[in-house]
Protein chains: 2
Amino acid sequence: MNRFGKVSEKGREMAASVSLDAIENSGISPKDIGYTFVSNAFGIAERQAHLGPLINTALGIPEVPSCTIESACSSSSAALHEAFVHIAGGFIDAALVVGVEKLSHLETLAATSYFAMGADYAFESRNGATFPGLYATLASAHLKKYGTKQEELGAIAVKNHLNASNNPHAHFQKPISMETYLNSPTISWPLKLYDCCPFSDGASALVVVNAAKFKKDIKGQPAAIRASARAGSIAALQDRTDLTAIPASRTAADKALKQAKMERKDINFMEVHDCFTIAEVLAMEDMGFFPKGAAAKAAAEGVTAHDGKLAVNPSGGLKAKGHPVSATGAAQIVEIMEQFAGKAGKREVPHATVGLAHNVGATGGSCSVHILQKV
Amino acid sequence: MNRFGKVSEKGREMAASVSLDAIENSGISPKDIGYTFVSNAFGIAERQAHLGPLINTALGIPEVPSCTIESACSSSSAALHEAFVHIAGGFIDAALVVGVEKLSHLETLAATSYFAMGADYAFESRNGATFPGLYATLASAHLKKYGTKQEELGAIAVKNHLNASNNPHAHFQKPISMETYLNSPTISWPLKLYDCCPFSDGASALVVVNAAKFKKDIKGQPAAIRASARAGSIAALQDRTDLTAIPASRTAADKALKQAKMERKDINFMEVHDCFTIAEVLAMEDMGFFPKGAAAKAAAEGVTAHDGKLAVNPSGGLKAKGHPVSATGAAQIVEIMEQFAGKAGKREVPHATVGLAHNVGATGGSCSVHILQKV
């Protein structure tokens with residue numbers, strides 16, 4: 001992955017660049033790639049759809065088939081799922097997964113409006129709802145039902161900014177204090193500025209292979225995909241019976257743990273979808289790692305610090321590492337790989353051997369959960 | 001599929017409607033669907049991405065995972081490929097594939113500009129190239145190298161409009177004469193108005209199942225997917241060594257025939273990608289059904305009429321049935337299914353048992369070939 005933030009390159013350039021890096025680091029050759037799965041939900045902001053053939057042409061493999069996979073903010077984890085299915089099903093031996101987003105050349109209002117296309121246009125976005133407002137709705141319901149406190153949300157922001165300060169890929173690389181958090185302006189109550197992830201440009205790429213076929217070629221520290229699971233839930237907030245949970249997170253996590261033949265206690269650490277601090281709370285609770293109402297308190301107590309009992313978002317998360325929509329899911333996997341490789345420096349998760357990645361589309365219409373094991 | 005043309009419903013409404021029809025006609029229940037693959041390349045023209053959860057919510061199956069697959073004009077055949085891989089690989093038992101496009105609410109120039117996003121922005125679209133111009137480049141090279149005649153391209157237009165006049169799903173339902181064709185204005189030499197497909201709205205849906213699991217449920221006339229193959233070729237025209245062929249068509253067709261264990265003579269009829277008449281010529285030649293330079297002449301001689309030796313585009317093709325980008329690939333399969341079911345009326349292909357669908361993304365950066373057999 002590149003450093004998330006304001007990137008001057010075009011999306012296609014970033015995508016080709018991280019793809020080449022991923023292939024070189026993997027030890028395989030571009031010619032081994034059987035399919036390229038691209039994610040680039042808002043490529044049309046650069047007037048460019050059909051990105052796969054451009055990337056493959058840049059890699060010198062124009063004959064390789066490709067497609068672009070969109071599932072709002074869970075686009076590149078959905079792409080990884082397709083790569084997994086193609087390889088585990090025996091259809092190809094190796095795949096390239098590449099997620100890229102570039103929106104910083106737009107005005108903030110235009111960028112917000114692109115993001116909002118992930119919500120339900122007819123019933124949400126058309127009426128003025130944007131993601132800060134939609135997640136604030138989930139947050140206020142959580143505060144009311146479980147007594148979650150502003151300082152507890154703040155503790156998540158402080159933790160994730162600290163982790164990002166030790167991550168050279170992160171958009172934000174400065175720690176923040178609780179005071180800074182509490183003094184920041186309210187964006188949509190109860191969410192403050194530092195509860196919200198930034199708009200970021202960025203790209204991330206993964207090489208997925210049938211390990212048996214490339215035993216001699218694989219370089220560096222590989223990981224086994226122990227589970228690749230996806231689920232959905234009701235798209236629009238207005239149609240849901242409960243605003244304090246995202247059912248797709250529970251369904252996808254249950255599927256993934258069953259597929260991996262693991263229990264929750266087997267997971268060392270996780271990268272979860274924290275587009276807003278409340279989203280990290282929901283992820284930890286909905287996936288069943290904490291009882292409902294307990295996750296924010298646990299974060300405030302340091303349980304989820306990078307060296308805590310269950311590290312959550314050692315990368316800094318979407319919150320502070322940044323959130324280039326279609327690059328996010330693959331970037332979560334990059335963090336897990338770097339932890340396994342012992343390359344995470346001061347944000348290291350001690351004894352990291354099993355990592356979980358949780359990536360949500362919009363307010364929970366889609367969710368992907370992957371479990372990786374160091375091999 | 002619905003009737004292609006100017007459709008007043010929103011994309012999401014069309015998509016849910018054809019999906020319900022497909023599921024009802026298939027005999028399975030919505031609850032059997034394991035994954036929903038949507039195609040909607042230009043959904044953002046309606047400010048709506050992340051369409052899967054909306055469709056699944058409308059179908060009463062919000063828990064089912066979904067994603068949107070884009071490969072320019074070959075989007076829904078790429079989606080069908082994912083459904084095939086998921087089912088043939090044993091990951092799910094049934095999938096919904098639904099393609100939808102709605103652009104008629106835009107000005108023509110805006111719609112053209114959306115379409116052009118499938119080309120290479122930096123080197124083609126930004127410099128003013130749109131698809132009529134890009135395909136005219138391919139056509140003029142073909143005319144020069146092989147002596148292809150305007151009247152031979154015209155014969156394809158006349159044939160496809162005749163077929164469409166017998167297809168209740170078609171955008172255009174009136175036959176045209178060669179005189180009408182020849183008198184129509186030049187859009188981009190040598191392509192005349194009637195060489196070009198229209199902008200259409202439309203939606204089409206397919207239900208794909210593991211036949212062994214649903215033996216008792218399947219209604220109507222099913223077909224076996226004997227092959228599902230995809231390939232790519234160099235994206236931008238400027239980077240190609242030959243402008244008279246699309247390599248991805250040859251690669252995908254070879255892969256598909258090998259997968260199906262069939263020879264070209266086993267194919268009864270085909271739906272091919274004729275966004276422009278020249279594209280039908282290229283498809284027939286590049287897939288190896290006619291020698292280079294011979295396809296247009298064969299069409300003029302009636303060989304590819306719906307009751308000819310090798311029927312091509314009995315539906316009327318993109319040319320006259322219409323081309324709602326992301327609905328096109330799935331609609332080609334609908335035509336093959338209707339031919340197998342004996343529901344094609346006056347456009348019937350006699351003794352149709354094996355049909356091939358060929359769907360190109362942009363000017364050939366992507367290509368999908370599917371082979372279906374009546375069972």
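1. Start with the hairpin of β10(A) and β11(A). Four residues lie between its strands, and A:Ala362 takes a positive phi near 55° there. The model is a predicted one. Strand β10 (residues 354–361) of chain A pairs with β11(A) in the antiparallel sense, over eight bridges. One pair to look up is A:Asn359, whose bridge partner in β11(A) is A:Ser368.

2. Strand β11 of chain A has another neighbour as well. Nine bridges join β11(A) to strand β7 (residues 223–232) of chain A, and the two run antiparallel. Here A:Gly232 has A:Ser366 of β11(A) as its bridge partner. Is β11(A) largely enclosed or left open? Strand β11 (residues 366–374) of chain A has seven of its nine residues buried, so the rest of the structure largely encloses it.

3. Now the sheet in chain B. Five strands form an open sheet in the order β7-β11-β10-β8-β9 (chain B), and the pairing is mixed. The edges are β7 (223–232) and β9 (311–312) of chain B; each has a single partner strand, so one side of each lacks a neighbour in the sheet. For β7(B), strand β11 (residues 366–374) of chain B is joined by nine bridges, and the two strands run antiparallel. B:Gly232 has B:Ser366 in β11(B) as its bridge partner.

4. How are the two chains related? Chain B superposes on chain A by a rotation of 180° with 0.0 Å of shift along the axis, at an RMSD of 0.0 Å. The two copies are therefore related as by a two-fold rotation axis. Both copies use the same surface: 100% of the contact residues of chain B recur in chain A.

5. The contact between chains involves 49 residues of chain B and 49 residues of chain A. On the chain B side, α2 (51–58), β2 (66–70), α3 (75–88), β7 and α8 (247–260) each supply at least two residues. By class, that side has 22 nonpolar, 19 polar and eight charged residues.

6. Strand pairing also crosses between the chains. Strand β2 (residues 66–70) of chain A is joined to β2(B) by three bridges, and these strands run antiparallel. A:Glu70 stands opposite B:Thr68 in β2(B).

7. Within chain A, there are two domains: domain 1 (11–106 + 201–214) and domain 2 (130–197 + 221–374). Their centres, taken over C-alpha atoms, are 24 Å apart. Contact between them involves 25 residues of domain 1 and 26 residues of domain 2 of chain A. On the domain 1 side, α3 (75–88), β3 (94–101) and β6 (202–209) of chain A each supply at least two residues. The largest share, seven residues, comes from α3(A). The residues on this side of domain 1 divide into twelve nonpolar, eleven polar and two charged.

8. Last, helix α1 (residues 11–26) of chain A. At 1.5 Å a residue, its 16 residues should span 22 Å; the end C-alpha atoms are 22 Å apart, which agrees. Buried residues of α1(A) include A:Met14, A:Val18, A:Ala22 and A:Ile23. What do the buried residues of α1(A) pack against? They pack against α2 (51–58), β3 and β6 of chain A. Just after α1(A), A:Gly27 takes a positive phi of about 95°.

Terms used: Residues are numbered from 1 along each chain as its sequence is written. Chains are lettered from A and ligands numbered from 1 in the order in which they are written. This is a predicted model: local features need pLDDT of at least 70, side-chain atom pairs count only at pLDDT 80 or more; totals for chains, interfaces and linings use all residues. Domain bounds come from an automatic or database domain assignment. Two residues are in contact if their C-beta atoms, placed from the backbone, lie within 7 Å. Ala, Val, Leu, Ile, Met, Phe, Trp, Tyr, Cys and Pro count as nonpolar, Asp, Glu, Lys and Arg as charged, and the others, Gly among them, as polar. Copies are superposed by least squares on the C-alpha atoms of residues with pLDDT of at least 70 in both. The expected span of a helix is 1.5 Å times one less than its number of residues. A residue is buried if 20 or more other C-beta atoms lie within 10 Å of its own, exposed if 12 or fewer, and partly exposed in between; C-beta atoms are placed from the backbone. Two strands pair if DSSP finds at least two bridges between them.
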